Amino acid sequence: MSRSPSFSVKSELSLKPDPERMQRWVVAFCTIRFDLEQGQLIEDCYPPGCLTQDEELEVAYSSFPDSVSQHQNRSSIHDCIFFFRFQRHKNLPQGNVTPSEITEINDKITSSELTEEKLLKRSKSFSSSKGSRYFYGYVFNRQRHDERLKRGGEQKSLVILSHGPFSSVFRPLLQIMGPLYFDVGKKAIEHIASYVSIWPSPVPGKLMELPIGNAMLKVNLPPAHSLPLESGMLSEESAASVAPFLPYNQSIPQGLFHDSDLFGTFRGLLLQLWVLWELLLIGEPILVIAPTPPQCCEAVASLVSLIAPLLCSIDFRPYFTIHDPQFAHLNSLQEGDTFPPMVLGVTNLFFLKALRKIPHIVSVGSPAPNSNRVAFASRASSGKISGRPEGFGLQQLSLKFSPSSLLNVVKLRREGPLCLMTEHKEAIWSSYAATTKPDTSILNRLIDAGMSPRVEESMSVVNNEILRRHFLELTTNFLAPFGPYFRTTTPSEGSSPFVDPPTLPPFNANEFLSSLQARGVGKFLSKRMRSNWLDLYRRFLKGPNFMPWFQRRRAAAEQEQHRLWRQARMRTDIQQLIAKMSELESVDTFNAVERHLIQEIQLQQSGCAATDSAEICQKLKGDLLAVFNVLPKDVQQLLLFNPERAALLQRTPELTKPLGTHL
């Protein structure tokens with residue numbers, strides 16, 4: 001990103017906000033003020049009326065830190081940027097299943113041909129952002145400390161609400177927009193909204209240049225295969241995303257939150273990244289605790305990015321508060337109830353007691369210098385969590401255990417996560433026994449930059465690339481055994497491309513596991529996993545991430561196979577093909593060509609046809625006439641009894657006339 005420090009609002013700006021075009025990126029711009037008597041209040045929302053009352057409340061409650069940092073300089077201004085995610089309760093697409101509802105897999109999954117009608121239905125179902133199941137709120141929060149004010153200060157937040165997980169776009173946008181808003185007020189929102197309105201539509205997986213005044217945001221959007229279908233982002237997934245192979249260009253994001261600071265966030269827990277990778281892979285519930293909202297949401301984003309290129313189907317909340325409607329349900333879980341698969345990022349220590357049923361707890365980050373962390377729950381009495389799993393942590397980049405670090409592990413195991421009530425520590429509490437061993441060769445390549453902030457930032461970029469490349473390779477190799485179920489075919493030489501293509505191989509979970517056990521997991525994983533690696537696949541198949549990912553890859557493979565056979569029909573010399581056919585084969589070919597032609601015409605009439613549809617129709621029309629001409633006269637006369645078929649056989653058919661079911 002490049003931007004000028006002289007960025008300002010120009011009074012002669014001719015651009016005007018276009019709410020409809022703005023919706024491609026931004027649902028709303030909101031400003032929220034913290035009132036001492038009434039709490040969080042939305043001062044303004046643009047465009048007005050775009051949110052329900054419940055959505056406004058959720059945005060307001062999620063837009064402030066749980067506590068105000070107490071700096072020594074009582075007149076200081078403290079800014080921070082973070083983001084949250086919450087579930088909508090209206091305009092949900094029919095027939096979609098939320099990740100928490102997917103609890104088991106079918107024993108057998110079969111495939112059928114992806115026809116033009118299926119493509120049309122799919123495009124209609126997911127073409128509108130109004131069907132988004134989640135909203136993402138990107139927050140610029142300002143806390144101003146002034147002893148002359150009541151309670152010693154005030155705070156206000158500017159929120160960009162979007163239906164997409166585009167932190168790479170909205171974080172730098174807030175770096176521009178936040179200070180501008182607090183300088184010039186409401187007209188800054190109109191100014192930014194005007195520029196967002198002229199942005200091109202978001203294209204998943206592409207580098208986009210987005211102008212903002214005299215600034216230019218150059219950002220990579222996450223790829224289509226990492227976005228949920230209900231995100232409103234319809235994009236054909238490429239053939240490269242079908243098979244789980246490593247991409248050639250590593251600079252292109254392969255999942256959500258590719259820009260998150262994985263190394264910086266988990267620097268004190270590097271040895272546990274492989275445990276966290278497995279927990280995310282199989283969809284285990286995780287509670288992430290950090291001192292501040294920015295550290296908290298960065299940790300959740302980094303965890304989600306760990307399993308790229310796998311589609312993350314578990315619910316994740318980068319910044320979760322007690323005001324979230326789902327908190328009441330989570331807090332009411334009884335002994336024996338299963339905690340739903342989700343990753344919750346929190347700063348309020350009250351969650352340690354309220355959500356004690358959650359099996360895995362991660363504590364990251366560190367309190368700000370010269371500040372006292374005062375959480376709302378700090379008044380609660382501390383105590384032990386009975387039966388809490390062990391905790392372990394690593395406080396520095398050095399991978400060597402010292403006697404003191406061993407004592408710290410024992411102490412953390414004994415105290416449990418409630419020790420965070422008195423002192424914040426980086427640690428993990430989990431009873432999960434990981435299958436994957438930490439790759440010390442990767443950790444040894446990481447660079448410890450010392451205390452220099454400038455060097456620290458540049459070295460973090462290098463370290464993040466090393467870690468992200470490794471976990472991308474780890475996930476890709478883990479998914480590789482599923483590759484044969486997405487393998488497409490093309491017509492063999494001399495065969496007819498007009499027949500239905502073969503279905504993709506059916507999937508049976510038990511057969512897959514038996515076959516995998518017999519042939520092995522492969523050299524890459526066998527060196528990095530323990531002997532019980534098959535158990536990890538069993539957990540993955542039963543977890544919430546497998547089914548949505550498998551169905552998505554399956555649909556992409558069917559779509560790719562449909563495209564390949566469509567191309568083959570365009571290249572086929574119909575005269576050579578029918579020269580070797582019997583009369584019965586010629587009649588079958590006529591019916592097949594006719595069916596493909598009608599489907600193409602229907603796509604044209606619906607407005608969903610491909611750019612080369614007219615060329616395809618012309619080719620199929622010629623093929624239909626060629627096959628018709630070699631048929632016996634009595635068969636020709638029988639075929640012409642159908643008026644719609646007779647219209648197709650005319651040299652200039654009326655492609656705009658609706659077609660019914662042909663005989």
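Modeller: To begin with a definition, two strands pair if DSSP finds at least two bridges between them. Helices (H or I, at least four residues) and strands (E, at least two) are DSSP runs, numbered from the N terminus. This is a predicted model, in which local features need pLDDT of at least 70, side-chain atom pairs count only at pLDDT 80 or more, and totals for chains, interfaces and linings use all residues. Residues are numbered from 1 along each chain as its sequence is written, and side-chain values use heavy atoms, leaving out hydrogens and water.

Biologist: Fine. How many helices and strands are in the chain?

Modeller: The chain holds 22 helices and 15 strands.

Biologist: And how much of the chain counts as buried?

Modeller: Of its 663 residues, 53% count as buried, where buried means under 20% relative accessible area, exposed over 50%, and partly exposed in between (1.4 Å probe, protein chains only). As for contacts (heavy atoms within 4.5 Å), residues 24 or more positions apart supply 78% of those in the chain with a separation of 6 or more.

Biologist: Let us look at the open sheet. What is its strand order?

Modeller: The open sheet has five strands in the order S2-S1-S6-S5-S3, paired antiparallel. Strand S2 (39-46) and strand S3 (77-87) are the edge strands, each pairing on one side only. From one strand to the next the twist averages 20°; angles run from 0 to 180 degrees between N-to-C directions, and axes are lines fitted to C-alpha atoms, for helices over the stretch in contact.

Biologist: How many bridges do S3 and S5 share?

Modeller: S3 and S5 are joined by 11 bridges in the antiparallel sense. Within S5, Tyr134 stands opposite Gln87, and Phe140 stands opposite Ile81.

Biologist: Which helix packs on the sheet?

Modeller: Helix H4 packs there, touching S1, S2, S3, S5 and S6, and its direction makes about 140° with that of S6.

Biologist: What about S6 and its other neighbours? How many bridges join S1 to S6?

Modeller: Six bridges join strand S1 (residues 28-35) to S6, and the two run antiparallel. One of the pairs sets Arg33 against its bridge partner in S6, Lys156. Strand S5 (residues 134-145) also pairs with S6 in the antiparallel sense, over 10 bridges. Here Arg144 has Glu154 of S6 as its bridge partner, and Gln143 has Gln155 of S6.

Biologist: How many residues of S5 are buried? And how many of S6?

Modeller: In S5, 11 of the 12 residues are buried, so that strand is mostly covered. Strand S6 (residues 153-162) is mostly covered as well, with seven of its 10 residues buried.

Biologist: Back to H4. At what angle does helix H4 pack with helix H5?

Modeller: Helix H4 (residues 167-184) and helix H5 (residues 187-197) meet at about 145°, their axes 8 Å apart. From H4 the contact uses Leu173, Met177, Leu180, Tyr181 and Val184, and from H5 it uses Lys187, Ala188, Ile189 and Ile192.

Biologist: Changing topic: how many disulfides does a search of the whole structure find?

Modeller: The search finds zero disulfides, a disulfide being a pair of cysteine sulfur atoms within 2.5 Å.

Biologist: Is Cys30 buried or exposed, and is Cys45 buried or exposed?

Modeller: Cys30 is buried, at a relative accessible area of 0%. Cys45 also counts as buried, at 10% relative accessibility.

Biologist: Where is Arg569 found, and why does Arg569 count as buried or exposed?

Modeller: Arg569 sits in helix H17. It counts as buried because its relative accessibility is 6%. Apart from neighbours within four places in sequence, Arg569 is in contact with Pro497, Phe498, His596, Lys619 and Asp623.

Biologist: Lys619 and Asp623 interest me. Which residues of H20 are buried?

Modeller: Both of those are, and the buried residues of H20 also include Ser613, Ile616, Cys617, Leu620 and Phe628. What they pack against is helix H17 (546-571), helix H18 (574-579), helix H19 (583-606), helix H21 (633-639) and helix H22 (643-648).

Biologist: One more helix: how many residues of H8 are buried?

Modeller: In H8, 12 of the 14 residues are buried, so the helix is largely enclosed by the rest of the structure. Among them are Pro293, Cys296, Cys297, Glu298 and Leu306.
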